[in-house]
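Trainee: Please take one part of this model and go through it closely. I would like to know how it is built and what it touches.

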Amino acid sequence: MHPGRQEVKCAEFLKELTDYLDGVIDDRTRAELEDHLHWCHKCYVVVSTTKHTIEIYRDSQLYELPEDLRGRLRQAIMTKCAASKKKH
Amino acid sequence: MPPIQSKGVETVSDELALVRAAKRGDMGAFEQLVKRYDRNIFRIAQHITQNREDAEDVVQDAFLKSFQNLEQFQEQSKFYTWLVRIAVNESLMKLRKRRTAKTVSLDEDVQTEDDAVPREVADWAPNPEQLYKQEELREILSRTIQGLPSGFRTVFVLRDVEGLSTEETAEALDLSVPAVKSRLLRARLQLRERLNKYFRKSNASGETRSEVR
């Protein structure tokens, strides 16, 4: 703990977790949260595994659009759009 | 610990020029917009509908609707955010059709407050994704995110997979910024908790697992 700073409890830490992970938090709050992380292993693990969860999903290439399907869909879209344009 | 790096959709300065050209009837310009965002719209649609055929329909319907309503696009937000909003609505309509007796909305199953508290805190193996073959990992991730309520799943996909900002996500889903933040927190924590059983240290045997249960 640094002098003058409020001790952050686990529940308070969790409330700030999203802003902390996204890096949209003021310097003072960040320092208080990181003080908490220095001594609270439970929150440290929650932060690191949540961060990993996000990174795994972001990098997973889940539901990539195959190129052949992509071509067929684009052709269908453009045909429908052209037909719709003629109607109006 | 450094913050996560957002992938995001590149902000391209010529997007507005393409939209304006498409409004004037330039089909080539509209096709460029389709090429730019079709992969994103397909991912979003499949994440929400959890059905490949529905996702294909959503991609077609979302682009067709955006084309037909291009005049109504006010250019105050990004075209992509507007397109995502259309695609999310189309996806939710598909979900409703599949669950005819049940109303599906972004408010579904998101009322409880106690789900933000981690129940199990176990550290993960150093590179947990390497415990599984690529196909097995995709199966785990797909099955895990399917278990989330659609209201959480949608916010997570837009923010963390597609890289929209909190404000853009709020605009696309017609939610307030605090509502997006609250759902994002709970979606992230629930996913983390559900992945524990696959990635925790006790699973790190050093061998590639061959089976996913």
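Mentor: A residue counts as buried if 20 or more other C-beta atoms lie within 10 Å of its own, as exposed if there are 12 or fewer, and as partly exposed in between. By that count, seven of the eight residues of helix α7 (residues 166-173) of chain B are buried, so this helix is largely enclosed by the rest of the structure. Bear in mind throughout that this is a predicted model.

The buried residues of α7(B) are B:T166, B:E168, B:T169, B:A170, B:E171, B:A172 and B:L173. Their cover includes α4, α6 and α8 of chain B.

Chain B contains eight helices and zero strands, and along its sequence the pattern reads α-α-α-α-α-α-α-α. Of its 213 residues, 42% count as buried. Among the contacts in chain B with a separation of 6 or more, 74% are between residues 24 or more positions apart.

Chain B is divided into domain 1 (15-98) and domain 2 (114-203). The C-alpha centres of the two domains lie 24 Å apart. Where they meet, 12 residues of domain 1 are in contact with 13 residues of domain 2. On the domain 1 side, α2 and α4 of chain B each supply at least two residues. That side has five nonpolar, five polar and two charged residues.

α2(B) and helix α4 (residues 79-98) of chain B are set at an angle of about 35 degrees, and their axes are 9 Å apart. The crossing of α2(B) past α4(B) is right-handed. From α2(B), the contact uses B:L33, B:Y37, B:I41, B:I44, B:A45, B:I48 and B:T49. From α4(B), the residues are B:F79, B:Y80, B:L83, B:V84, B:A87, B:V88, B:S91, B:L92, B:K94 and B:L95. By class, the residues of this contact are 14 nonpolar, two polar and one charged. An α-helix has 3.6 residues a turn, so residues three or four places apart point the same way.

One residue of that contact deserves a separate look. B:I44 lies in helix α2 of chain B, and it counts as buried because 28 other C-beta atoms lie within 10 Å. Apart from its neighbours within four places in sequence, B:I44 is in contact with B:V84, B:A87, B:V88, B:V157, B:L158 and B:E162. B:V84, B:A87 and B:V88 belong to the α4(B) part of the packing described above. For another distance, B:I44 and B:G147 are 103 residues apart in sequence and 16 Å apart in space, C-alpha to C-alpha.

B:L18 is found in helix α1 (residues 15-23) of chain B. B:L18 counts as partly exposed because it has 19 C-beta neighbours inside 10 Å. Setting aside neighbours within four places in sequence, its contacts are B:A29, B:Q32 and B:L33. B:A29 is 11 residues away from B:L18 in sequence, with 5.2 Å between their C-alpha atoms. B:L33 also takes part in the contact of α2(B) with α4(B).

Chain B also meets a partner. The contact between the chains takes 42 residues from chain B and 35 residues from chain A. The elements of chain B that give two or more residues to its side are α2 (27-49), α3 (52-68), α5 (134-146), α6 (150-161) and α8 (177-199). The largest share, 11 residues, comes from α2(B). In classes, the chain B side has 23 nonpolar, five polar and 14 charged residues.

Of its 88 residues, 25% count as buried. Chain A has a radius of gyration of 24 Å, whereas a compact globule of 88 residues would have one near 12 Å. Along the principal axes, its C-alpha atoms fill a box of roughly 70 × 30 × 20 Å. Of the contacts in chain A between residues at least 6 apart in sequence, 57% join residues at least 24 apart.

Key: Residues are numbered from 1 along each chain as its sequence is written. Chains are lettered from A and ligands numbered from 1 in the order in which they are written. This is a predicted model: local features need pLDDT of at least 70, side-chain atom pairs count only at pLDDT 80 or more; totals for chains, interfaces and linings use all residues. Two residues are in contact if their C-beta atoms, placed from the backbone, lie within 7 Å. Helices (H or I, at least four residues) and strands (E, at least two) are DSSP runs, numbered from the N terminus. Ala, Val, Leu, Ile, Met, Phe, Trp, Tyr, Cys and Pro count as nonpolar, Asp, Glu, Lys and Arg as charged, and the others, Gly among them, as polar. Axes are lines fitted to C-alpha atoms, for helices over the stretch in contact, and angles run from 0 to 180 degrees between N-to-C directions. A crossing is left-handed if the near helix is turned anticlockwise from the far one by less than a right angle, and right-handed if clockwise. Domain bounds come from an automatic or database domain assignment. The radius of gyration is taken over C-alpha atoms; the globule rule is 2.2 Å times the number of residues to the power 0.38.
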